[in-house]
Amino acid sequence: MDLGGVQLTNEKKAEVMAQVKQQIAIANLQETIQKMTEKCFNKCIPKPGTSLSGSEQKCVAMCMDRYMDSLNLVSKTYSHRIQQEAGRIQ
């Protein structure tokens, strides 16, 4: 790999790639949390105030649980589909 005239060893390339993958994973997690928070807030809190009622707290907790369950199901299904496709290609 050549970065502006600087040659990187295979070890450095792997290190840079690992850092990039970690940054992408963090960005994806932040985006997921932002989407989940926005969707659950809009669904569960019709009139924002200084505190959440018990029913609002329960709604937010359940909404976040459902969101994460759905996200996990989609991720597992997607991974399974990719593995199936990779098996067909070989």
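Mentor: Helices (H or I, at least four residues) and strands (E, at least two) are DSSP runs, numbered from the N terminus. By that rule the protein has two helices and two strands. This is a predicted model, where local features need pLDDT of at least 70, side-chain atom pairs count only at pLDDT 80 or more, and totals for chains, interfaces and linings use all residues. Residues are numbered from 1 along each chain as its sequence is written, and side-chain values use heavy atoms, leaving out hydrogens and water.

Trainee: In what order do the elements run from the N terminus?

Mentor: They run β-β-α-α.

Trainee: What makes the protein more spread out than a compact globule?

Mentor: The radius of gyration is taken over C-alpha atoms, and the globule rule is 2.2 Å times the number of residues to the power 0.38. For 90 residues that rule gives 12 Å, but the protein has 21 Å, well over it, so we call it more spread out. Its C-alpha trace spans about 60 × 40 × 15 Å along the principal axes.

Trainee: How much of the protein is buried?

Mentor: Buried means under 20% relative accessible area (exposed is over 50%, partly exposed in between; 1.4 Å probe, protein chains only). Buried residues are 10% of the 90.

Trainee: Why is a set of residues called a nonpolar core?

Mentor: Because its members are buried Ala, Val, Leu, Ile, Met, Phe, Trp, Tyr or Cys residues joined through side-chain atoms within 4.5 Å. The largest one here has six: Met-36, Cys-40, Cys-44, Ile-45, Val-60 and Cys-63. Helices H1 (10–44) and H2 (54–89) each give two or more residues to this core, with the largest share, three, from H1.
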